[in-house]
Amino acid sequence: MADRIAEIWGSRTPYARGGLWPVRVDQTLDGGVQEADVDRWVQSACVLCSNGCACDIAVKDGAMVGIRGRAGDLVNHGRLGPKGLFASWQGVSHKDRLTQPMIRENGQLVECSWDTAMGRIVERSKELLRTRGPLSHGFYTSGQLFLEEYYALAVIGKAGIGTPHMDGNTRLCTATAAASLKESFGADGQPGAYEDIDHCDAIFLYGHNMAETQTVLWSRVLDRIAGPDRPRVVCVDPRDTEVARYADVHLALKPGTNLALMHALVREVLHNGWQDSDYVDAHTLGLEELRKTVEPWTPEAAAETCGVDAADIREAARIFGSSERVLSTVLQGFYQSSQATASSCQVNNLHLLRGMLGRPGCGLLQMNGQPTAQNNRECGADGDLPGFRNWENQDHINDLARLWKVDPGIIPHWVPPTHAMQIFRYAEQGSIEFLWVSATNPAVSMPQLPRIREILAKPELFLVVQDLYLTETAQAADVVLPAAGWGEKAGTFTNADRTVHLSDKAVEPPGEARPDLEIFLDYSRRMDFRTQDGEPLLTWTGPEDAFEAWKECSRGRPCDYSGISYEKLRGGSGIPWPCNDGNPDGRVRLYDDGIFPTRPEYCESYGHDLLTGASIPPTEYKASAPAGRAFLRTTQYTPAHEEPDAEYPLRYTTGRTAYHFHTRTKTGRSKPLTAAAPRAWVEMAPADCEALGISEGDLVRVSSRRGTIEVPVRISGIRPGSVFAPFHYGYWDAGGVPGEHPTAANELTLTEWDPVSKQPVFKNAAVRVERIGDAAGPAPAPTTTASRPREAARVPATRGGPEAAASELLEPGDPPNFPDAVNSPGGRP
């Protein structure tokens, strides 16, 4: 296999439009293990990005020893990315794993039995329910559990306790994907499929650094680009990403100005007559209001606001307007920025205006950033109701009550569901006194970290953390529960294009670690949650029971799983939902018939005012008579929440690197990945560095109104006036606290969110930068991605090699995450 650290996307297998993406099987085995040594291969799918690549786990002597891509799967055709190759089984097979429950005694976490840990949780939970009621409880979960686990948690929270305070870190990641789809089409669910790459004439990537966030999907794009009829590529991103380097048009706009750009693109399509008027008339509502709103946004007006050339806006619009088949993908550059839902809806509008939905190559992917974010949204472990039901529709509430055999009044629907940012605010104010965090690390991933650390440390807050490792969040917990990881439990999950995969259990979890589903079921039993018939609320004995129950919950809804079974998922490719009697093999694309789930009795949401977030009243929605038509929604452009000024003159934005996932809980324990991106850094433009007297690798202090970080500088191709920081780097490998040199990107981000999706604004903050130390060498940033140095010859290339074998894991005592020693003012190290 090629050096997949240096060659992230692997070797090229070019193919023509309309062809089948050639198979290339990627595989890695533990050091010294040969393929003939493997006892068995166990079917699974990778959970280290949202692509959902099917794979097989190699097992030898009861341990996971390797991974390979599944050649017959339509998602990846055998390929795996660097994170899947080097942090899948490696990320859970580590001596740091939690193997026994822990409770806090005299200020310290000490190991205990499961009975002791669960007894303490249940005692506190029952006491609060008796004295304070269900609003005392909050649950904050993940985008990395299995479907069956999310559904169990949803039933417990909504039918057992009756709390609206449930959300997932999907709120930080893909809440805007769901919100934009609901606003335009009436329900969540991606219209397009990865296969649209095979057929499109043009690909538009809006705030989506696909090359690093979904490396295998970008391999597919690269293979089309290398083929005989390459699609044209348009990139909207302030950084000089790998996507931008292949783009025919790169719109390097100012962070926070997405909606102004999108209005200009929509206006150009309308002014040039590129819309499909027959389709628009038959299948949409709201054209005249859209036309009126975008009219002031000429290319010149948008160019001035966004900091790009008007000619490039015109060319991008021409490509969209003149291509027969366009695929659009959207991710965090839109979702985590100001006016997130409004901006993302404009991408939907472009496809609706041109009638580009439901046909091969005419795809729309409001992407996910996490492997199982889609399941969280479907199952209702976040702020949604299970099965894409509508909180404001009493018939939908009654339907769930019948299914669960509970009183409809216990299912919280009297107020909008509580989003993550509000959950932490309630914990801060003291109304939430019990917070259960599972498989996520808000002590690093939430905005404005100094505030979050204070909330988690509140003595009045009873904090339960369920995870693989003693994360920064777990270190603040009152009870820590050791969870089984990938390969150590069975379950299903759904990727960003609605494809469902099965992950079978390959090995036993370490020590006393338990599957998340088992933990939730145990809590439900101990709490004695019951139905109106007096039966236990949850009677499932394992994941397949939970899946069968979920099938009934999803039946007849947009995300219909009723035709899927564990047996059907074994052996072949994943299956896209809906899969039912009408779609026995699943449905690759939605809305090929031009009929959308907007009927008032069926839709997931009645919509919102995109500027204020105010809900559209049910009566007003019904009066619009959608009758299966989509909505062309938009609103006025407004500047970002925080603009640069004299005190904080630069724009700050955060994002990912190809070599790490989230807060490095798994990837940070892989030597190949950590060697490629070992420590935190920031990226700045050459002109800004020159003005501040900063050289490559110098230590700088980046400050906002909320905090500071002190990290080395990479001089890169980011647009002038912007500062980029990867958000992966916390403090678990440096004692768990910021220390003298804070490095977590979210020390600086602000507590603001989109009015509709409630997704935090990670992409817009005002900062200042000051040089505080000389470079001890180049910044610890990769040279293979958007973090490439401007002067590449002066920075050693990022490579793997034999010293970065797949079996190598970071162990206790390995170098932690703080900046290299520097000669800095005041004698600081």
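1. Asn375 sits in helix H16, which spans residues 373–379. The model is a predicted one. Asn375 has a relative accessibility of 0%, and because buried means under 20%, Asn375 counts as buried.

2. Which residues does Asn375 touch, leaving aside its neighbours within four places in sequence? The contacts are Leu147, Tyr150, Thr492, Phe493, Thr494 and Tyr561.

3. Two packed helices are described by the angle between their axes and the distance between the axes. For helix H9 (residues 258–271) and helix H11 (residues 287–294), the angle is about 115° and the axes lie 9 Å apart. The crossing of H9 past H11 is left-handed. On the H9 side, the contact is made by His263, Val266, Arg267 and Leu270; H11 supplies Leu287, Leu290, Arg291, Thr293 and Val294. By class, the residues of this contact are five nonpolar, two polar and two charged.

4. Helix H12 covers residues 299–306, and its buried residues are Pro299, Ala302, Ala303 and Cys306. These four are on the same side of H12, because they cover an arc of only 105° around the axis. An α-helix has 3.6 residues a turn, so residues three or four places apart point the same way.

5. What do the buried residues of H12 pack against? Their partners are H9 and helix H13 (310–322).

6. After H12 comes Gly307, with a positive phi near 75°.

Notes:
Residues are numbered from 1 along each chain as its sequence is written. This is a predicted model: local features need pLDDT of at least 70, side-chain atom pairs count only at pLDDT 80 or more; totals for chains, interfaces and linings use all residues. Side-chain values use heavy atoms; hydrogens and water are left out. Axes are lines fitted to C-alpha atoms, for helices over the stretch in contact, and angles run from 0 to 180 degrees between N-to-C directions. Helices (H or I, at least four residues) and strands (E, at least two) are DSSP runs, numbered from the N terminus. A crossing is left-handed if the near helix is turned anticlockwise from the far one by less than a right angle, and right-handed if clockwise. Contact means heavy atoms within 4.5 Å. Ala, Val, Leu, Ile, Met, Phe, Trp, Tyr, Cys and Pro count as nonpolar, Asp, Glu, Lys and Arg as charged, and the others, Gly among them, as polar. Buried means under 20% relative accessible area, exposed over 50%, partly exposed in between (1.4 Å probe, protein chains only). The arc is that of the directions from the helix axis to the C-beta atoms.
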